[in-house]
Amino acid sequence: MLELRLDLASRIARPCVNLTLDLMRLFEAIVDANHRALAGDAAAGLHPADFADSLPVAALTCIDARLNPLFPEVLGLPKEQFIWLRNAGNIITGPLSSTMRSLALACAIKGGKEIAIIGHTDCLVCKTSTMNLTEAFRALGVERAALPENLTEFFGMFASERQNVMKAVEFVRHSPLIGAKTPVHGLMVDIATGKLEWVVNGYQAFELSAATMKAEGARSMEELGDAVRSLAAFKIGEMKFPDNKIGELANEAKNWVAQEIQPAPKPAEAPRPPRFTGQPPPRVPPVPQKIPIPPRVRPGFKLPRE
């Protein structure tokens with residue numbers, strides 16, 4: 001099992017100093033010393049005193065018991081400079097998740113200067129499917145109905161250890177709980193050899209962001225400079241004004257508008273019905289219909305015969 005040598009001696013005590021190592025930052029020196037030790041360099045080691053401004057480190061790893069003998073030895077850091085946070089699969093589900101709360105407190109309360117998300121090979125969470133997870137819970141007496149509907153989202157299950165580390169780094173970098181000047185690294189450790197590999201170099205990501213902001217600032221300053229130069233080249237004495245007086249121009253414009261814009265004719269008003277006075281018209285009594293009455297017939301009257 002790889003274990004980097006700790007050299008707590010001061011820089012003055014070392015008779016020979018490698019200039020390249022002196023220019024490295026903390027995790028660059030950690031990865032370099034890790035690789036040199038694996039290559040058989042007996043003198044490979046980290047000098048934590050040289051990186052006092054970058055310590056302690058807050059690291060999130062998996063709960064896999066095989067990691068117990070690896071950290072913080074593979075980093076070459078003393079235990080008091082290593083704030084070790086762990087959860088199943090070193091998963092972060094959001095910028096305001098409970099794990100983010102712990103990382104934020106590790107920096108704000110425990111003084112963590114840099115953050116590292118460290119995944120590992122042969123992760124069992126990566127190999128577990130939702131069906132296997134459901135069966136495992138059922139074996140513990142937890143039925144499927146008691147579990148969240150979306151198991152993948154709730155438990156943060158993933159299919160690639162490296163992708164999981166990159167996703168976690170992005171959540172940390174964009175979390176409002178983490179300072180913008182805090183480097184956030186992503187690493188993978190080989191569970192068998194202890195070899196560290198870069199996934200996300202937090203220094204490069206920070207420099208890229210700073211360079212982008214600087215370029216945007218330079219572009220804005222250049223645009224402002226162009227505007228100022230164009231204003232400086234402006235000479236009011238060379239401007240040509242019309243000979244007409246302002247009042248005359250205004251009157252001419254007013255007359256032209258009056259001629260061009262005529263008010264629309266009002267539509268003819270329709271005849272209004274007579275107003276209702278509130279009193280009904282006088283009632284005309286109905287005229288009874290006259291029915292002709294036949295003449296009365298005298299008693300004993302007979303029609304004459306022809």
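Reply: A salt bridge here is a side-chain nitrogen of Lys or Arg within 4 Å of a carboxyl oxygen of Asp or Glu. This is a predicted model, where local features need pLDDT of at least 70, side-chain atom pairs count only at pLDDT 80 or more, and totals for chains, interfaces and linings use all residues. Residues are numbered from 1 along each chain as its sequence is written, and side-chain values use heavy atoms, with hydrogens and water left out.

Me: How many salt bridges does the structure hold?
Reply: Side chains of opposite charge can pair when their charged atoms come close. In this structure, the number of salt bridges is 10.

Me: Which residue forms a salt bridge with arginine 66?
Reply: The closest N and O atoms of this salt bridge are 2.7 Å apart. The pair links distant parts of the chain, 56 residues apart. Arginine 66 lies in the loop between S3 and S4, and its partner lies in the loop between S5 and helix H4 (124–127). That partner is aspartate 122.

Me: Which residue meets aspartate 41 in a salt bridge?
Reply: Aspartate 41 is partly exposed, at a relative accessible area of 32%. The N to O distance in its salt bridge is 2.9 Å. The partner is arginine 36.

Me: What is the distance between the closest N and O atoms of glutamate 143 and arginine 138?
Reply: Glutamate 143 is partly exposed at 44% relative accessibility. Arginine 138 is partly exposed too, with a relative accessible area of 39%. Their salt bridge has its closest N and O atoms apart by 3.6 Å.

Me: What is the order of the strands in the open sheet?
Reply: Helices (H or I, at least four residues) and strands (E, at least two) are DSSP runs, numbered from the N terminus. Two strands pair if DSSP finds at least two bridges between them. The sheet has five strands with mixed pairing, and the order is S4-S3-S5-S6-S7.

Me: Which are the edge strands?
Reply: An edge strand of this sheet pairs on one side only. The two are S4 and strand S7 (196–200).

Me: How many bridges join S3 to strand S4?
Reply: S3 and S4 (residues 82–87) run parallel. Alanine 59 has tryptophan 84 as its bridge partner in S4. For threonine 61, the S4 partner is arginine 86. The bridges between S3 and S4 number six.

Me: How many residues of strand S3 are buried?
Reply: Strand S3 covers residues 57–62. It is largely enclosed by the rest of the structure, because the buried residues number six of the six.

Me: How far apart are the end C-alpha atoms of helix H2?
Reply: The expected span of a helix is 1.5 Å times one less than its number of residues. Helix H2 (residues 26–38) has 13 residues, so it should span 18 Å. The model agrees, with the end C-alpha atoms apart by 19 Å.

Me: Which glycine takes a positive phi just after H2?
Reply: Its phi is about 100 degrees. The residue is glycine 40.

How values were computed:
Buried means under 20% relative accessible area, exposed over 50%, partly exposed in between (1.4 Å probe, protein chains only).
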